[in-house]
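Visitor: I am new to this one. Could you take me through it?

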Amino acid sequence: MPNPGLNWHAGGSGDFNHDGFGDILWQNDDGTPAIWLMNGTNFVGGGVIGPLLKSWHVGGIGDFNGDGKADILWQTDNRTQLAIWLMDSSTFIGGGGLSNSGPTWHVGRGTGDFNGDGRADILWQNDDGTPAIWLMNGTTFIGGGGVANPGAGWSIQPPGDFNGDGKADILWQNDDGTPAIWLMNSTTFIGGGTLGNPGPTWNVEGTGDFNGDGKDDILWRNGVDGTPAIWLLNGATFIGGGAVANPGPTWQVAGVGDFNGDGKADILWQNIDGTPVIWLMNGTTFIGGGVAGGSAPASPAAPPVSPATAAVSSAIVANDSMQFISDASDGATLNATAGKDDFVFTSYAAGDHAIDGFDPSQDLVEFSKATFANLADLQAHSTASGDGTLIALDSASSLLIQGVQPSDLLNSNFVFV
């Protein structure tokens, strides 16, 4: 599954199944989230985790209930609502909405464990610059509050544990480019200060422990020529690092995580065509990687992979009950199981396809509203063909639901997204 498609955007990385490997959180343009469980660059499971309104976006990823598995923090685009989804792998197990923080507050580019209790907390910043920390236990607010305002021109960047004490710290960057680290003990400032100024054209892309010393480092990228760089840190002290090979202007940093379980942070990239790539890192050294979900090699000295060289399967089983048609080749056949099955056709699905063993009493198919508006519209494009329902996807392609007649189709069999 090397390319999820143009409409899917990586929302970051976290270990959702507690196997020691970073996984990828996706969100579609229509709001639908999905999780890819990873082992290095290999896709090992996951799939769509539920519908979500388009007005919600990923606010952060962190372990809010202390079970060792990443959870998702959501915030509405207008910043008036907040919610936490507690996850077990790619399964939603609980959570819900939080108190309204107000439209002048926004989540500060991620989450971190500020009091060292093993549970993620929420870092906020007000439009006037004031930061605040909410200490959390699952979806329950247990304390915290405002922190001193550093003044105009300072923006919160992704937090990290920069001194290795097990408690998250705050990373700032001034409009003139100057970075600063506040070492924190819960909501108390205990030290830190400014670092050397790389210049206003450099932007913080993420934080993570790239050299495995137990202290987080900073991933930068130049906003003019696209060059990435890693600063290795000990608290608020720069101890090494430098520029990394430039993948090119069509690639964006999509996340930082330990994808191969070696205790060192790696870089997740996504191309403007949708292709995700993982660079496995040892400090500032590229040691391997490739297309996420595929096996094509990636060189850090050039755009990591050409989409034309990435092998794509016609049918991908994302888990026991969800299957995807994800490319443009003809003749793919999906086989239903004895349980409930969800067959997902992406915008890349074209040609003639078939579903064998479809059960109208429990199975469903996901279609784009750009293709069919509703069940009546779909049935208008459906005819009996041989031993099944033939659905005209467009003038050049079709779907055969074997063993099912048009009259057997129900509203519950289809989701229009």
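Guide: One term to begin with: a residue is buried when its relative accessible area is under 20%, exposed when it is over 50%, and partly exposed in between, using a 1.4 Å probe and protein chains only. Trp 279 counts as buried, because its relative accessible area is 0%.

Visitor: Where do these coordinates come from?

Guide: This is a predicted model, in which local features need pLDDT of at least 70 and side-chain atom pairs count only at pLDDT 80 or more, while totals for chains, interfaces and linings use all residues. Residues are numbered from 1 along each chain as its sequence is written, and side-chain values use heavy atoms, with hydrogens and water left out.

Visitor: What pLDDT does the protein average?

Guide: The average is 85, and 86% of the residues score at least 70; pLDDT is the predictor's confidence in each residue, from 0 to 100.

Visitor: Over which residues does pLDDT stay under 50?

Guide: That stretch is residues 295–322, where the model has 75 contacts beyond four places in sequence. A contact means heavy atoms within 4.5 Å. Where pLDDT is low, the predicted coordinates should not be read in detail.

Visitor: Now the overall make-up. How many strands are there in the protein?

Guide: There are 34 strands, along with one helix. Both are DSSP runs numbered from the N terminus: H or I over at least four residues for helices, E over at least two for strands. The protein has 417 residues, and 54% of them count as buried. Of the contacts with a separation of 6 or more, 42% are between residues 24 or more positions apart.

Visitor: How many residues has the largest nonpolar core?

Guide: The count is 17, and Phe 367, Leu 378 and Phe 414 have the most contacts inside this core. Two or more residues each come from strand E30 (364–367), helix H1 (375–380), strand E32 (388–394), strand E33 (397–402) and strand E34 (414–416). A nonpolar core is a set of buried Ala, Val, Leu, Ile, Met, Phe, Trp, Tyr and Cys residues joined through side-chain atoms within 4.5 Å.

Visitor: And Asn 413, buried or exposed?

Guide: Asn 413 counts as buried, because its relative accessibility is 0%. Asn 413 sits in the loop between E33 and E34. Its contacts, beyond four places in sequence, include Phe 358, Pro 360 and Asp 408.

Visitor: What order has the open sheet of five strands?

Guide: The order is E27-E29-E33-E32-E31, with mixed pairing. Strand E27 (332–335) and strand E31 (382–385) are the edge strands, each pairing on one side only. Two strands pair if DSSP finds at least two bridges between them. E27 and strand E29 (residues 352–356) run parallel and are joined by four bridges; Leu 334 has Ile 355 in E29 as its bridge partner.

Visitor: Which strands form the open sheet of four?

Guide: That sheet runs E17-E18-E19-E20, and the pairing is antiparallel. Its edges are strand E17 (202–208) and strand E20 (237–243). Strand E19 (residues 228–234) is joined to E20 by six bridges, and Leu 232 has Gly 240 in E20 as its bridge partner.

Visitor: Why is strand E5 largely enclosed by the rest of the structure?

Guide: Strand E5 (residues 56–62) is largely enclosed because six of its seven residues are buried. E5 pairs with strand E6 (residues 71–76) in the antiparallel sense over six bridges, and Gly 62 has Asp 71 in E6 as its bridge partner.

Visitor: Last one. Where does Leu 123 lie?

Guide: Leu 123 lies in strand E10 (residues 121–126). Leu 123 counts as buried, because its relative accessible area is 0%. Among its contacts beyond four places in sequence are His 106, Phe 114, Ile 156 and Ile 170.
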